[in-house]
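Me: I am new to this structure. Please walk me through how its features get their labels.

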Amino acid sequence: MIELPPDDPWARPAGVGDATVEASGKVTEALEWVERARGHLYEFHQLMGHADGVFGEAADALRDAGHDDLADRVAEEVVGRNVLAGRWTFQVVEEFDDTYYEPVRAVERAVRDDLVGGRRHVYEAELKEQRRTPGRRHHESRPTDEPEADAEDAQGER
């Protein structure tokens, strides 16, 4: 167990054991995977919306090129089509958020509240302390007020 100062925002609350910190961290890790999946869902939403717009442009281009039958087919069969029965992607995103994402976030917060005083990333903060090299530049425990440090490093590498 790594001991951080009690006023540190990532310090483990008094009396909380390693297994509890690890279990709470696992729930947070799972949420992070859900966050990534949600990002991909939003990516899908935006990609499909863009594709629908391009299909509309394609229908116009086909019509301008004199291919009215194909333009009609693209416009009628593809443009504005649901991606799932009765749903555009915004509806898929909203249903995911309401049915899965929000409840998962609430459970993760409840676990943190109950087990580690609501503190986020307690497990990772302790892992950072285990892995960093104390006293070594860019291995500081917390952020510093030295924005020029990276610029100095870059100049020294010329």
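Reply: The second largest pocket is lined by Thr28, Leu31, Glu32, Glu35, Arg105, Glu108, Arg109, Arg112, Arg120 and His121. Its lining takes two or more residues from each of α1 and α3. This is a predicted model, where local features need pLDDT of at least 70, side-chain atom pairs count only at pLDDT 80 or more, and totals for chains, interfaces and linings use all residues. Residues are numbered from 1 along each chain as its sequence is written, and side-chain values use heavy atoms, with hydrogens and water left out.

Me: What makes a residue part of the lining of a pocket?

Reply: On a 1 Å grid over the protein atoms alone, a pocket is an open set of points where a 1.4 Å probe fits, with protein on both sides within 12 Å along at least five of seven lines; lining residues have an atom within 4 Å of a point.

Me: Which element gives the most to the lining of the largest pocket?

Reply: α1 does, with six residues. That pocket holds about 250 Å³ of space. Among its 13 lining residues, Met48, Gly49, Asp52, Arg81 and Val83 are the closest to its centre.

Notes
Points joined across faces, edges and corners; volume = space filled by probe spheres on them. Helix = DSSP H or I, 4+ residues; strand = E, 2+ residues; numbered from the N terminus.
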